Amino acid sequence: MDLKGRDFLKLLDFTPDEIVYLIDLAAELKDKKKRGIPMDTLQGKNVALIFEKTSTRTRCAFEVAAHDLGMGTTYLDPSASQIGKKESIADTARVLSRMFEGIEYRGFEQEIVEELAEYSKVPVWNGLTNEFHPTQMLADLLTIREHFGHLKGIKLTYMGDARYNMGNSLMVACAKMGMHFTACTSEKYFPEQALVEQCREIAARTGGSITLTESVEEGTKGVDVIYTDVWVSMGEPEEIWEERIRDLSPYQVNRDVMKNAGNKAIFMHCLPAFHNLKTQIGAEVGERFALTELEVTDEVFESSQSLVFEEAENRMHTIKAVMLATVSTDGKARKKRKVQAKVDPELLEGKSLREVHYLPDNEVQWILSSEECDVDQTGEFVVMPIEDAKEKFPEIKDMLSADSDQRILYRKGRHSSKWYDFKGKA
């Protein structure tokens with residue numbers, strides 16, 4: 001499977017087969033690392049690691065994975081980068097993509113990493129945003145498959161605040177893989193309804209399901225995986241601690257929750273976890289609220305059902321798979337682009353647009369129309385019969401059937417990385 005040049009921004013952008021491919025590749029790379037087989041096939045290449053939010057696992061995973069592949073890394077924290085301050089996201093992307101073969105971003109809004117990807121000529125990888133955490137998802141899926149031997153049909157319950165990156169991403173991952181996802185929390189912490197509906201549509205095709213419940217007993221009964229995260233996300237103000245603790249304490253993962261799930265259930269957490277007072281923040285919270293544990297008890301965290309450290313290790317193996325799969329071995333990755341078509345509505349009136357083909361930089365990009373349309377032109381876009389297009393652009397011959405009666409809308413020149421926004425008829 002060829003993923004060269006692809007961005008890795010969220011699992012919604014990938015098919016189930018593509019996700020399985022990355023998990024399989026990660027498992028292969030993990031096995032080779034354990035056996036001491038080098039995989040430094042990307043020697044001479046370099047990646048930029050932008051961290052607007054600091055991290056232990058994500059940084060170490062990217063750096064070790066890159067070094068194992070033979071690549072150099074440049075770490076840019078908030079004090080070492082002008083991104084968004086003196087230099088725009090677009091300019092940063094265009095500068096870095098001329099120096100590096102890949103760019104990782106860990107920070108705030110998803111639109112930032114999306115804009116980086118829009119203007120970058122090399123793959124961009126999402127190390128975490130407020131909305132999604134896709135590299136964590138690959139590690140989680142690999143960990144679950146290693147333990148149970150399969151993914152399809154697995155029941156996973158996420159407890160806590162399900163409105164942000166972990167709740168969103170686990171729901172997407174489960175929907176894509178035909179798993180059964182449950183958000184077990186107070187209704188005010190349910191994921192956004194639009195994403196819930198989108199995931200339910202995906203799950204209907206893969207055999208999975210999406211459930212939202214406030215009942216701990218119902219939400220955790222007989223499930224395979226109990227998952228939680230810290231109750232206050234990075235960057236949120238201290239003032240909300242009291243509210244979160246009050247609202248989410250009923251959804252703490254403890255002995256009773258794991259007993260209700262069953263002896264075969266496993267516990268997972270993306271870390272760090274507040275399971276004791278042995279951290280500065282943990283001690284401060286403990287003193288302020290008279291608590292010794294928050295989202296998970298120390299008993300569960302340290303139990304034989306806990307796979308949190310296997311899960312943490314798998315961050316490195318899965319990130320290595322993403323980088324190896326997306327970085328070209330023969331120079332700069334030729335990134336496949338998405339373009340934004342601004343076409344005179346009259347040109348395509350009554351014609352259904354069926355399919356889009358994506359090609360690398362500076363090459364032709366086509367929309368195939370399922371109905372005939374005359375040769376015409378508007379701005380950068382041209383509509384012509386397929387035979388004329390085949391003659392003008394020989395590379396299209398291998399993409400389209402010889403007997404096709406479709407027509408081509410093509411664009412040549414500078415790209416923009418937005419999707420075509422055609423639904424139904426233009």
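**Close-up views of salt bridges and cores**

**View 1. Arg145 and Asp24 form a salt bridge, with their closest N and O atoms 2.7 Å apart.** Here, a salt bridge is a side-chain nitrogen of Lys or Arg within 4 Å of a carboxyl oxygen of Asp or Glu. This pair links distant parts of the chain: Arg145 sits in helix H5 (residues 134-148) and Asp24 in helix H1 (residues 16-34), 121 residues apart. Helices are DSSP runs (H or I, at least four residues), numbered from the N terminus. This is a predicted model, where local features need pLDDT of at least 70 and side-chain atom pairs count only at pLDDT 80 or more, while totals for chains, interfaces and linings use all residues. Residues are numbered from 1 along each chain as its sequence is written, and side-chain values use heavy atoms, leaving out hydrogens and water.

**View 2. Glu197 meets Arg200 in a salt bridge (3.4 Å, N to O).** Both residues belong to helix H7 (residues 193-206), 3 residues apart, about one turn of the helix.

**View 3. Lys188, Glu243, Arg246 and Asp247 are linked in a network of salt bridges.** Across the whole structure, a search finds 19 salt bridges.

**View 4. Phe181 and Met323 have the most contacts inside the largest nonpolar core, which has 65 residues.** Such a core is a set of buried Ala, Val, Leu, Ile, Met, Phe, Trp, Tyr and Cys residues joined through side-chain atoms within 4.5 Å; buried means under 20% relative accessible area (1.4 Å probe, protein chains only). A second, separate core of 29 residues includes Leu248, Tyr251, Met258 and Phe267.

Technical notes: Buried < 20%, exposed > 50% of the residue type's maximum accessible area, 1.4 Å probe, protein only. Helix = DSSP H or I, 4+ residues; strand = E, 2+ residues; numbered from the N terminus.
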